[in-house]
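Q: I would like a close look at one single part of this chain, and a sense of the whole around it. Could you take me through it step by step?

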Amino acid sequence: MSSRRLGSHSLHRLLGHWQQPASRTPLWRQLADALRLLILDGRLAIETRLPGERELASMLEISRTTVASALAHLRDEGYLESRHGSGSRVILPGSRAIPTLSTAGTALDLSTAALSAGPEIHQAYTHALAAIPPYLSRTGYGQLGVQALREAIAARYTARGLPTHADEVMVVNGALSGLALVLRMLTGPGDRVVVDHPTYPLAIAAIQGASCRPVGVSLPQAGWDIDGFAATLAQTAPRLAYLMPDYHNPTGRCMDIATRQAIVSVAAQARTTLVVDETMVDLWYESAPPPPLAAFDNSSMVITLGSAGKTFWGGLRLGWIRASSRTIATLVQTRDTLELGSPLLEQLATLWLIENAETFLPARRDMLKARRDGCAALLREHFPDWRFSLPEGGLSFWIELPDMLATQFAARAETMGIHLGAGPRFGLTGAFERYLRIPFALDSSELENALLRLKPLWLALHETEAPLKRSVI
């Protein structure tokens with residue numbers, strides 16, 4: 001695997017506001033913690049070659065000795081590999097455990113918004129095993145997916161106001177895999193792809209992995225910026241636009257009908273394909289979302305991605321693409337260059353889950369709503385200076401901090417074995433240093449334990465920053 005060199009300016013943007021001038025933590029350790037966070041977040045990809053010590057020290061305006069100490073520490077932890085004359089290359093430790101400075105307590109992941117499996121998953125696999133014998137006399141390959149599953153998915157779309165036939169559905173290995181497949185079909189190196197800003201970080205990674213350039217349209221305080229979206233399409237001529245209208249990740253907001261109609265109209269006028277990610281569509285807490293964006297499309301310019309991951313369980317690793325039958329046929333040809341289909345047992349399990357969803361999804365929503373409300377109460381009690389809106393759906397809060405402290409806070413939390421979703425993960429070129437994403441998917445007691453462990457870290461960080469800010473003023 002060849003290494004990609006990261007320029008010092010790019011690394012400077014990724015690091016964001018990593019320095020804590022008033023902290024007792026040595027500067028080299030602060031830099032090491034910030035770099036480790038970038039690696040664990042995936043913002044510094046494996047095999048990336050870092051700038052040289054002299055170049056990096058000059059860009060960050062710190063001593064070369066400080067840089068050398070930070071890189072040496074990361075080498076000792078197993079996050080960097082250095083060769084004379086070739087610089088330092090990002091790797092991962094051989095152990096699956098994440099090294100931390102503190103051995104006390106249990107590592108907690110507050111960066112992933114997902115649920116563990118419910119009892120219905122075991123039932124689904126039991127039924128799938130009973131249903132699989134007729135398929136065993138066949139090859140098991142199928143680029144489109146099991147016919148019965150595609151029919152069930154099509155029926156769900158039809159019930160939501162988007163008439164759909166099975167030949168307009170392709171089963172894939174998760175919504176992210178579906179996005180990668182669409183990018184492979186529609187884009188080439190250097191093409192622009194418009195995204196909400198902020199947006200799902202793995203979508204940004206998929207777009208960049210396809211050698212495309214993500215272009216952000218900032219989200220306002222509420223809703224979507226239709227005029228900004230139209231202007232961006234006109235000015236950048238993107239190949240496609242990737243949107244999450246149903247309980248947007250990370251903000252949790254839902255696009256109303258008027259905005260859906262306007263966005264589809266703008267995209268049709270610009271001849272821009274919309275790729276709509278509905279991963280969170282079933283996780284609503286007050287009222288069901290409006291019909292899919294594709295229901296307002298008369299020109300077959302909307303491709304919809306769905307997933308069993310958030311609705312049922314991430315371990316299924318199953319999703320689908322809903323598009324015109326002509327687009328699906330083209331996607332089949334594109335998929336031939338990548339894989340031969342999706343696992344049969346998981347498809348049969350997902351079929352059972354879809355057919356029986358109404359027997360367990362309402363209780364799942366009630367449980368998540370209670371966790372959302374409980375998390376909101378904990379955040380207001382322990383972090384009164386954090387600002388947030390109650391998400392309409394989805395699995396997380398998008399927190400606005402009182403200052404640009406996200407990277408510093410997340411780096412400190414990492415040393416205690418708590419992994420946080422710092423705002424810059426969800427943006428382009430280091431944006432959203434004032435934001436954190438906090439999921440509420442954990443059990444209430446686990447979540448409270450995590451927040452209580454974070455509270456003294458936040459208070460210490462905020463108290464050290466406040467005097468510094470006053471002295472500058």
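A: Happy to! Domain bounds here come from an automatic or database domain assignment. With that in mind, this predicted model has its chain divided into domain 1, residues 8–90, and domain 2, residues 120–359. Between the C-alpha centres of domain 1 and domain 2 there are 37 Å.

The chain holds 15 helices and 15 strands. Its radius of gyration is 23 Å, close to the 23 Å that the globule rule gives for 473 residues, so the chain is as compact as a globular protein of that length. Along the principal axes, the C-alpha atoms fill a box of roughly 65 × 50 × 45 Å. Of the contacts with a separation of 6 or more, 75% join residues 24 or more positions apart.

You will find Thr273 in strand 10, which covers residues 273–277. Is this residue buried or exposed? Thr273 has a relative accessible area of 14%. Buried means under 20%, so Thr273 counts as buried. In the chain, buried residues make up 53% of the 473 residues.

Which residues does Thr273 touch, leaving out those up to four places away in sequence? They are Leu186, Arg239, Leu240, Ala241, Met301 and Ile303.

The chain has 45 positive and 44 negative charges, with mean positions 5 Å apart.

Methods:
Residues numbered from 1 in each chain as written. Predicted model: local features only at pLDDT ≥ 70, side-chain atom pairs only at ≥ 80, totals over all residues. Heavy atoms only, no water. Helix = DSSP H or I, 4+ residues; strand = E, 2+ residues; numbered from the N terminus. Rg over C-alpha atoms; globule rule 2.2 N^0.38 Å. Buried < 20%, exposed > 50% of the residue type's maximum accessible area, 1.4 Å probe, protein only. Contact = heavy atoms within 4.5 Å. Lys, Arg positive; Asp, Glu negative; His and termini not counted. Charge placed at Lys NZ, Arg CZ, Asp CG, Glu CD.
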